[in-house]
Amino acid sequence: MIRQDFHKVDPKRRATLDHKKKQFAAPVYKQQDYPHRLNFYDVPPTAEITLEQFEQWAIDRLRILAEIEACSYRNKSPAETEAHITPLLQKYLPLSSNTSSSLGAADQRLKNERQKDHYSHFILRLAFSATEDLRRRFARAETMLFRFRFQKDDSREKRAFIESLNLDWEPISDEERRELSEHLVNATPGLRRVDEESWYKVDWERVPELVERRSVFLYRGKAYVPGREQLSMIIAEFTARLERSLELTSRALPRLDEDDRLTPILNHLSKNFGSAESVYSEGEGFVDGAPITANNIDQLSQHFPLCMRNLHMSLRKNNHLKHYGRLQYTLFLKGIGLSLEECIVFWRQSFKGFTDDEFNSRYKYNIRHAYGDVGGDVNRRGRGYPPYSCQKILGDSNPGVGQTHGCPYRHFSVDNLIGLLQSTGISDRELLRGVREDVEKTRYHIACNRVFEWTHKAEIKRVKEDGTWNQTDLDTIVHPNTYFKRSYLLKQVGKAPKKA
Amino acid sequence: MPHFVSPEEFPSHRNDEEVLPDAPPTDATPSVPEDKESEATGNDTKDKLADLLFDDDDDDEFPASSAPERRNESSANRDAVDSSAPQPAHVDTDTMLAFYQRLFPFRYLFQWLNHGIVPSPDFGNREFALTLQNDAYLRYQSYATADLFRKDILRMNPSRFEIGPVYNTNPRDRKTLRGGQMKPVSKELVFDIDLTDYDDIRSCCEKANICGKCWTFVTMAMKVVDTALRDDFGFQHILWVYSGRRGAHAWVCDPRARNLPDDRRRAIAGYLDLVRGGTQSGKRVNLKRPLHPHMSRSLEILKPYFAQTTLVDQDTFVSSEQAQRLLALLPDKTLNDALRKKWESSPDRSSTSKWADIDSLAKTGKSSTLNTSTLRDAKQDIVLEYTYPRLDSEVSKKMIHLLKSPFVIHPGTGRVCVPIDARKAEQFDPLSVPTVTQLLGEIDAYDAENPSNGTGTDAVDGEGSMPNDSDVRGSRKLQDYEKTSLKPYVDYFRSFIAGLLKEERGGKRERNEDMTEVKTESMEF
C-alpha cells in the first residue's frame, strides 16, 4: 500500500509545510533545547556549525572514548576509571547539571555544553558506522560513557530524564506489591523486604538477562523488576537503540551526499580511534631478525606469556590440543611471524601419533584457514583472523573439559595457577602473593604484567637507565604478541653488550 | 483431480490402487496391508539403514534394534482391526503415499502455519525440509498454498518432513539473493523433551525403548514446562506433539512467541533449564534459596511424581550404585555413614524405604553436625534432579532450528506424531498411538461395514483434511480420517487452530484499526 501519512512528521521537522508546496520549500528545523543533562541521542542535530567546530568537537569526544576504552582494556576498576576520566571529561567534554547554574537548563553555557555533547556524538556516529568492528567498539565506549554520566547525575534530574524517555514502565501499586510480596522476595536474589524497593512491571522481553538467570519474578508475560535494576535496563535500552541507529547510519552512509569536506575528516577520525592496543595491526608482533621457525618454538617459548606457555606445555605433554587451543596458539604463532609453511611443519611434528593422512584431513585446513590461505573471500583478503588480544581471550568462553585455551589467570583456579607459574620457574613468594591478590580482584592483566616485570626486572631497569626505552614502550601489556615481542627484545638487550 | 499419483512413481501393475481412496471395500484395497507386509520384510535391511541415516538427533539416535519386541507387546492390547493385520517392521513407500493421500491433514497444517485462511507469507515463506525415501535431504522448500504443498508432498512422498522458520523472502529464492540477505523472521518457540536424556535415572528401559512407566517422565516434564509457559510467560497457544517414539515437542504458537529473536529464546531456555552437566559432574542441581517461584511451583508439581515414579515405579535407588549416588548428593557425612551402614545390611531395601530412612535417621539425632534446613534443601534438589524436565535447550535457542512436523510418520515405529492435549497429559499413552498401517486398515474396515459411504470415484477427494464444504448433514461424506482412530487427534488439532486463529483475527483488526478502507483479509503480513 502506498499511502503517505502526512500527519506523521519526522520529529525534527516542524509540521508547518503545506505538502503541496513542500518540494520548493526550504526545510525548517526545530531548534533543540536541552532540558536534561543526559541525552539518549534519539534526535539528530540540525543546526549549522563550522567545519572547525565539526572537527574539534569530534576530536574532543574521541579522546574521551579512547581513554574509556583504554581503561577497560587495562581492566581498571570503576573507581580507578572514574578517577582517570573525570578530569579529562571536565576538560574536553564538560556536561553540567541543571543545578549548577542559577538559570537551570536555560543557561547558555549549559546549552552550549549539551549541544557540543549532542553534535559530537552524531559526528562520531558517522565516522564509526562503517564497519561492524568500529560500530561495536563505538557502541561499547559510548555506553560506558553514558553509564558513567548517568551514575553521576543527581537523583532528581535522573528521574526527570527517565520520565522524559517514555520507557513504558508501569509502576506497581502498593496493593499489588503486598499481594505478591512473597514471590517478589523469592524471585529476586539479595532482597530481604519488598518495601525497600520501588517496583516496575515491564514486558519480560525487556529484561532477558534477568529472565535467563531466573532472578526476576514473572507473571503472565510481565517481569516485576526492582528499582535497582533500573540502571541496567536503561543502559540496555541505550545500547540497543544506539546499535540500531548505527546500523541504520551505516546503510545510509553510501548515500551521504558529501562535498569532500566531511569525508576526509570522518575517515581520519575513525582511523584514530585507537588506543593502539585495542586493534592489532598486522605484523605488529613481528620481531625483525629473530629466527622464527618451527624448530625454534621450544626455545622461544620462554618468551611466551603464560597462556601460550600453557598451550605449548600441554601440546608437548599430550601431543595434541583441542580446537580452540590450536586456534589461539596458531594465531599467536602467526603473530610472532611464523610463516604458514613453518606453522604446518610445527603442528605436524607436534601431533605425534597421527598419520599424515589424519593430520592433513583433520587439522591442516584449520591452520591454513587461520592464515587466510583458504576460506571465503573475506577471510582470504583479511589474511585470516588477527591474533587474539587479551581482551578476546579473557572474554571468550571458559575452557571446558580437556580444553586448554583461555587465560590461566582468568580461567585457572588460583592454586592451579600458582602451580603453573611455579612450573615455569617462578617461585618468588612476594610475587606469587601479588598475583593471588590481583586475581582475586579480577585484575588479570595486572597479574600477567606483574609476572612480566618480575621476570624481566634486570633488563627493564637497564633500558630505563639507558633511556633507550621510554615509558610508552613499557606500557601495560594487553596483547600476548606484545608480551612476546617485548620479552624477546628485552632479553636481546640483556644479552648484547651495552650499545653506545 | 483426486490424486496426484504419476505413473512413474506408481508402478502400473498397481494401477488398481490408484482408485484406492474411493474404492469400495470389495475392491483390491484390502490387499494393501498384506502387500506391505511382504514388501516390508524384503526391505527390512534397507529400511533399517534408512532409519539409521535418517535419524534426527532428537529421536532416533539408536535404530530400534528391539523395536519388534515392543511392537508385539503393544499389539497385544491393540484393537481387533490392528491385530488382524500384522505390523510391518517399517513403513514402505506405498503406505506412506496412501497416508499422505488419505489421512494427512494438509489443510489444517496449512491453517496452523498460515494463521488464517487466505495464503500469506507466514506460510509462503516458511521453510520445509523433506527427507526423501532415498535419504536425500531437501532443505528450503516452500509452498504458496495448501494445495501446492499437498501436491508436492505427494509427488516427493518424503519419509518425513520438518518445519523451519518463516523467512523475510521466499526460501526458494535464496540463491538469487546476495549472501546474508535471507533472514529468518519468525518461528514458533519450540521445546524438545527426549527420554534418552533420562537414561541415567530410568531403570525400566533405555535408549530408543519406552514403556508406560518411563513415559511418565515426559508427562511430568510437559506439566512443568506448560505451566511455566502459561503462568510465567503468558503464552496460551501451546501445541504438544508426540515425537513418534520416545519424546515430545512443544510448539508455542502465540504471535509474541513466534517473533522472539534468538537472544530472547535463549533467555527462556535458560529460565527453564535446570539440570546441567553430565553424569560426571556430581550434584547437578544447586539452587539458591529461597527458591524462585517457578522452582517452588515446579517442586510442588513434581513431588507426587517423585514419590510414585522415581521411588516406586522406577525404584531408582534400589541398586547400590544409584544409592551411592543418592548419598553423594546428601550434605552430612555422619548421616551418610549411618545410612550406608543400614542399606548395606539390607541390600534389597526399596527406594521408598531408603528415602524415608534419610529423615528417620536424621531425626534420631545421631549426627551432631546435621543442619536440618541444609538437608531439606538437599532433598529438594534431589527431587528436582530426578524429576525436573531435561530439555534439549539448543532446539529452543535458535529460530532456524528445524523440527519434525506434527502428523508425519515416525519412520522407525510407524506411529503418527499426534498432538497431545496438555490438559489431559496423564491420559496420553504413546504405545496406543495409531500406526500408519493400523489407520489404513481402519479405513478399509470402516468402508467394509458401511459400503454406502464409498461410492463413485469422484465423490471422494483423496485428502483427509479437506474441510467439508457441504453442510447438508445427510449428504456429508466422511473424511477418511474420521473413519479411524486418528480422528480425536485431528479434532484436537482443529480446535487448537480455531483458538489460535481467533486471536490472530483479533490482533489483525487491532493493527488495522486506523486503515478501515483496507480489506483486512488481504492485508495479512
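**Exercise 1.** Find where A:Cys407 sits in this predicted model, and work out whether it is buried or exposed.

*Solution.* Start with the secondary structure: A:Cys407 falls in the loop between H16 and helix H17 (408–411) of chain A. Finally, list its contacts, skipping neighbours within four places in sequence: A:Cys307, A:Cys390, A:Ile393, A:Leu394 and A:Tyr444.

**Exercise 2.** Now take A:Cys390: which element holds it, and which residues does it touch?

*Solution.* A:Cys390 belongs to helix H16 (residues 390–395) of chain A. With 26 other C-beta atoms within 10 Å, A:Cys390 is buried. Leaving out residues up to four places away in sequence, A:Cys390 touches A:Cys407, A:His445, A:Val478, A:His479 and A:Pro480.

**Exercise 3.** Work out the strand order of the open sheet in chain A, then see what lies across it.

*Solution.* The 4 strands go E1-E2-E4-E3, with antiparallel pairing. Strand E1 (170–171) and strand E3 (217–219) are the edges, since each pairs on one side only. Inside the sheet, 5 bridges join E2 (residues 199–203) to E4 (residues 222–226), and A:Val202 stands opposite A:Ala223 in E4(A). Last, helix H6 (residues 174–187) lies across E2, E3 and E4, at about 130° to E3(A).

Technical notes
Residues are numbered from 1 along each chain as its sequence is written. Chains are lettered from A and ligands numbered from 1 in the order in which they are written. This is a predicted model: local features need pLDDT of at least 70, side-chain atom pairs count only at pLDDT 80 or more; totals for chains, interfaces and linings use all residues. Helices (H or I, at least four residues) and strands (E, at least two) are DSSP runs, numbered from the N terminus. A residue is buried if 20 or more other C-beta atoms lie within 10 Å of its own, exposed if 12 or fewer, and partly exposed in between; C-beta atoms are placed from the backbone. Two residues are in contact if their C-beta atoms, placed from the backbone, lie within 7 Å. Two strands pair if DSSP finds at least two bridges between them. Axes are lines fitted to C-alpha atoms, for helices over the stretch in contact, and angles run from 0 to 180 degrees between N-to-C directions.
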